[in-house]
Amino acid sequence: MSQLEIQNISRVFPGKKGTQTQALTPINFNVNENDFVTILGPSGCGKSTMLRIIAGLDHPTTGQVLLDGKRITGPGADRGMVFQSYTLFPWLTVEQNICFGLREKGMSAAEQKERSSYFINRVGLKGFEQHFPKQLSGGMQQRTAIARALANDPKILLLDEPFGALDNQTRLLMQELLLGIWESAQKTVLFVTHDIDESIFMANRIAVFSARPGRIKTEIKVNLPHPRHYTVKTTPEFMELKAVLTEEIRAEAIAAEQR
Amino acid sequence: MKPTQHKFFEFRPLQPIHPRFKWVLGLLFFIVFIAGWAIFTLGGFVSPTFLASPMAMLEEGYLLFTEYNFIHDIGMTVMRVLVGFILACLVAVPLGIAMGTFKFVEAFLEPFVSFCRYLPASAFIPLLILWAGVDEKQKILVIFIGSVFQIILMVSVIVGNARKDLVEAAYTLGARSKGIVHRVILPGAAPEIAEILRLVLGWAWTYVIVAELIGASSGIGHMITNSQSLLNTGQIIFGIITIGIIGLISDFAFKAVNRRLFAWSNL
């Protein structure tokens, strides 16, 4: 059985003067435990809406999402999320940010400290425990956000274009960091992006979204071996996938532009 | 590369000036102002009945402290402001937070509070004298009425503008309503709430003087009305300046405390 089951999810946003915007047409999609799935699509295609519905931050108009067979009705600690915008609490230090969810669970201070220091090391932020978010670069803030989500030990990690606001070099390093964590820790990951390279490099499976109203146009398996090194991006297999996806996405981007 | 140099003066839009020059310029205006005042009064352009000279003013001020126990008046005024202001904070801050957080509380209270906000506190003085007499209660009530509605509204706006993305992030970390309010909305709003309290405290200083102009037997405002009947413009001006200085000190103190408490928001 799949860990995450998306059943007939659609979302209609009411607009001005009774008009309606169909953001998602009914979507059916399953994610297996410990799978790394990227959702690739042009901007405004509804891929973020789907992620927000899974997180419980938005409600579907029709359909339901099941996590381990249980219907999702609202947000919860079992689904960690990393947002594109910087959402660290500015009044808390790196360490306190990472402990936010742990404290909410009522974990003892000693245990919190131990977990946070493990994840601070894991994302390479040792020495920055007592820094405030404003004292960190964008990349470091997103690393903290990843650590904060992982420290909570969610069943599934949802990432909504987490590296979208970072410069290209930082972005590549962050991809390697996240992939490395996934390869060693094994976790179900759903990663939304509009970057083709990113979607191939990280994923076992890519779901390509159509332009709005969003639906899953195709699913592509990525059979590149793990652990993946950044040099995989120049292999013929990678290039072949990239060529296919470029065509797929181009058609959708044109459709989105002409809407 | 050459280090950037602050030129002392440059006639260009938005051009920063040397920090020391800024100080000097600020001070210079005070000197110009006092010099102008001295020329007008000492030069005989205005009669001393209407405007005392700076020296006469200082002299009167000295007498106020030595002969008329002015320190007691200052103490009374400060006490009234603090009690009225603190009471207003105790009522208004929790109410404002409740209004900003819960939309049904806002819908219930906001129209009434918005209406009350435009009722001039000083116009209540005759009523308050009727209700509470001419003692401390009345003066404290003036400050309370003048501050409480302003604080409620401004706090509710600040709290209502809490960053939605942080609230969502907290939800995905397992927070419930209580955690959202205590650990996200309040800490995020705290620096701005402290700022508006500083602002309103400044207004409270003007309310207290108005309250003391009528039916008071002590306080800086009372001293000013007394001096008016004696045509002692030196004392009046000294009283006004005293209020200004006390207000400035409390403002600086408030600012310093805010900066310490909310260091993260100034990073």
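How are α9(B) and α10(B) oriented to each other, roughly parallel or roughly antiparallel? They are roughly antiparallel to each other, a label given to angles over 145 degrees, while those under 35 count as roughly parallel, 65 to 115 as roughly perpendicular and the rest as oblique.

The model is predicted: local features need pLDDT of at least 70, side-chain atom pairs count only at pLDDT 80 or more, and totals for chains, interfaces and linings use all residues. Residues are numbered from 1 along each chain as its sequence is written, and chains are lettered from A and ligands numbered from 1 in the order in which they are written. For the complex, the predictor gives an ipTM of 0.92 and a pTM of 0.86. Chain B has a mean pLDDT (the predictor's confidence in each residue, from 0 to 100) of 90, with 97% of its residues at 70 or more.

Two packed helices are described by the angle between their axes and the distance between the axes. In chain B, helix α9 (residues 220-229) and helix α10 (residues 233-261) cross at roughly 160°, and their axes come within 8 Å. Axes are lines fitted to C-alpha atoms, for helices over the stretch in contact, and angles run from 0 to 180 degrees between N-to-C directions. Helices (H or I, at least four residues) and strands (E, at least two) are DSSP runs, numbered from the N terminus. The crossing of α9(B) and α10(B) is left-handed; this term applies if the near helix is turned anticlockwise from the far one by less than a right angle, and right-handed applies if it is turned clockwise. Ile220(B), Met223(B), Ile224(B), Ser227(B) and Gln228(B) of α9(B) meet residues of α10(B) that include Ile236(B) and Ile243(B). The contact of α9(B) with α10(B) has 5 nonpolar, 5 polar and no charged residues. Here Ala, Val, Leu, Ile, Met, Phe, Trp, Tyr, Cys and Pro count as nonpolar, Asp, Glu, Lys and Arg as charged, and the others, Gly among them, as polar.

Another helix pair of chain B consists of α7 (residues 164-172) and α8 (residues 177-213), packed at an angle of about 150° with axes 10 Å apart. This angle makes α7(B) roughly antiparallel to α8(B), and their crossing is right-handed. From α7(B), Leu166(B), Val167(B) and Ala170(B) meet α8(B) residues, among them Ile180(B), Arg183(B) and Val184(B). The contact of α7(B) with α8(B) divides into 5 nonpolar, 2 polar and 1 charged residues.

Chain A contains an open sheet of 4 strands in the order β2-β1-β4-β5, with antiparallel pairing. Strands β2 (20-31) and β5 (70-71) of chain A each have a single partner strand, so one side of each is left without a neighbour in the sheet. Strand β1 (residues 4-14) of chain A pairs with β2(A) in the antiparallel sense over 8 bridges, pairing being assigned if DSSP finds at least two bridges between two strands. Within β2(A), Phe29(A) is the bridge partner of Ile6(A).

Most residues other than glycine have a negative phi, and most peptide bonds are trans. Asn34(A), in the loop between β2 and β3 (36-40) of chain A, has a positive phi near 65°. The peptide bond from His226(A) to Pro227(A) is cis, with omega near -10°.

Finally, 23 residues of chain A are in contact with 15 residues of chain B, contact meaning that C-beta atoms, placed from the backbone, lie within 7 Å. α3(A) gives the most to the side of chain A that touches chain B, with 4 residues.

Notes. Contact = placed C-beta atoms within 7 Å.
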